[in-house]
Amino acid sequence: MEFFIDTGMVDEIKEAAKWGIIDGVTTNPSLIAKSGRSQADVIKEICGIINGPISAEVISTDTEGMLKEAYEIAKWHENIVVKLPLTEAGIAACATLSKDKIKTNVTLCFSSNQALLAAKAGATYISPFLGRLDDIGHNGLQLIEEIRTVYDNYGFMTKILAASIRHPLHLRDCTLLGADVATMPYKVIESLYKHPLTDRGLDAFLSDHAKANS
Ligand code: E4P
């Protein structure tokens with residue numbers, strides 16, 4: 001499974017890069033807004049930190065506008081993935097970009113039928129939003145399971161990029177269900193390292209070693 005970090009904060013990406021396990025980055029207009037910087041500045045800087053897929057989202061709502069933005073964004077770096085919303089306009093833009101060999105990430109996916117549309121349009125990634133489904137009392141993980149089945153049934157190569165991951169259990173279940181990628185906030189990735197038995201065991205090893213060598 002690939003790990004992407006979901007943030008527009010360059011400092012977090014620099015810290016996470018030190019872990020040696022980050023394969024790519026996703027952003028969205030809300031995350032970029034939190035940085036207080038322009039998308040172009042943030043994304044170009046990220047491309048210099050992580051050598052992997054970097055998603056940058058369009059803000060146009062019509063196909064023509066999305067394509068204009070996409071061709072501009074794609075020029076910033078060879079690792080750019082153009083993020084498009086799962087709307088009629090977004091899927092049409094995705095189909096055109098796929099033919100032009102520009103990588104795409106279709107975002108705001110909340111049903112397996114939507115995921116099927118993205119795959120048919122040749123999307124590189126589909127982003128089902130787990131946490132936001134859970135927030136309204138639906139089952140986000142069931143969506144991952146359904147998309148995995150649909151893509152496997154028909155041999156679609158679009159990668160399932162599990163998004164809106166809020167806690168370690170989401171990740172664990174996504175790995176069991178066969179999501180290809182998980183994008184997670186810095187704090188969620190950081191929390192994956194933690195286990196009280198690891199801390200307790202290490203304390204015991206170090207204290208035994210110190211006693212034996214005193
Ligand atoms: C993914 O690409 C999105 O940026 C993100 O995962 C959304 O997460 P949220 O629902 O916690 O905002």
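**A ligand and the pocket around it**

In this predicted model, the ligand is surrounded by ten residues listed here by name: Asp6, Thr26, Asn28, Leu31, Lys83, Phe129, Arg132, Ala163, Ser164 and Arg166. Sorted by class, this shell consists of three nonpolar, three polar and four charged residues.

Some members of the shell can be examined atom by atom. In the side chain of aspartate 6, an N or O atom lies 2.8 Å from an oxygen atom of the ligand. In the case of arginine 166, the distance between a side-chain N or O atom and an oxygen atom of the ligand is 3.0 Å. Taken on its own, the ligand has 340 Å² of accessible area, and the protein covers 85% of that area.

Where does the ligand sit? Its place is in the largest pocket. Rolling a probe the size of a water molecule over the atoms shows where empty space is left. The space in the largest pocket amounts to about 360 Å³. A total of 25 residues line this pocket, and those nearest its centre are Asp6, Asn28, Leu31, Arg132 and Pro185. Helix H2 (29-35), strand S5 (104-109) and helix H10 (186-192) are the elements that contribute two or more residues to the lining. Of these, H2 gives the most, with three residues. By class, the lining of the largest pocket comprises eight nonpolar, 10 polar and seven charged residues.

The reader may now turn to another part of the chain. Serine 60 belongs to the loop that runs between strand S3 (54-57) and helix H4 (63-74). Which partners does the side chain of serine 60 reach? One of them is the backbone oxygen of glycine 65, at 3.3 Å. Another is the side chain of glutamate 69, with which the side chain of serine 60 makes a polar contact of 2.5 Å.

Conventions: Residues are numbered from 1 along each chain as its sequence is written. This is a predicted model: local features need pLDDT of at least 70, side-chain atom pairs count only at pLDDT 80 or more; totals for chains, interfaces and linings use all residues. Side-chain values use heavy atoms; hydrogens and water are left out. A residue is near a molecule or strand if one of its heavy atoms lies within 4 Å of it. A polar contact is a pair of N or O atoms within 3.5 Å; within protein, one must be able to donate a hydrogen and the other to accept it, and residues adjacent in sequence count only if both atoms are side-chain atoms. Accessible areas come from the Shrake-Rupley method with a 1.4 Å probe; for residues, only the protein chains shown count as cover. On a 1 Å grid over the protein atoms alone, a cavity is a set of points where a 1.4 Å probe fits but cannot get out, and a pocket is an open set with protein on both sides within 12 Å along at least five of seven lines; lining residues have an atom within 4 Å of a point. A molecule sits in a cavity or pocket if more than half of its atoms lie within 2 Å of its grid points. Ala, Val, Leu, Ile, Met, Phe, Trp, Tyr, Cys and Pro count as nonpolar, Asp, Glu, Lys and Arg as charged, and the others, Gly among them, as polar. Grid points are joined across faces, edges and corners, and a volume is the space filled by probe spheres set on the points. Helices (H or I, at least four residues) and strands (E, at least two) are DSSP runs, numbered from the N terminus.
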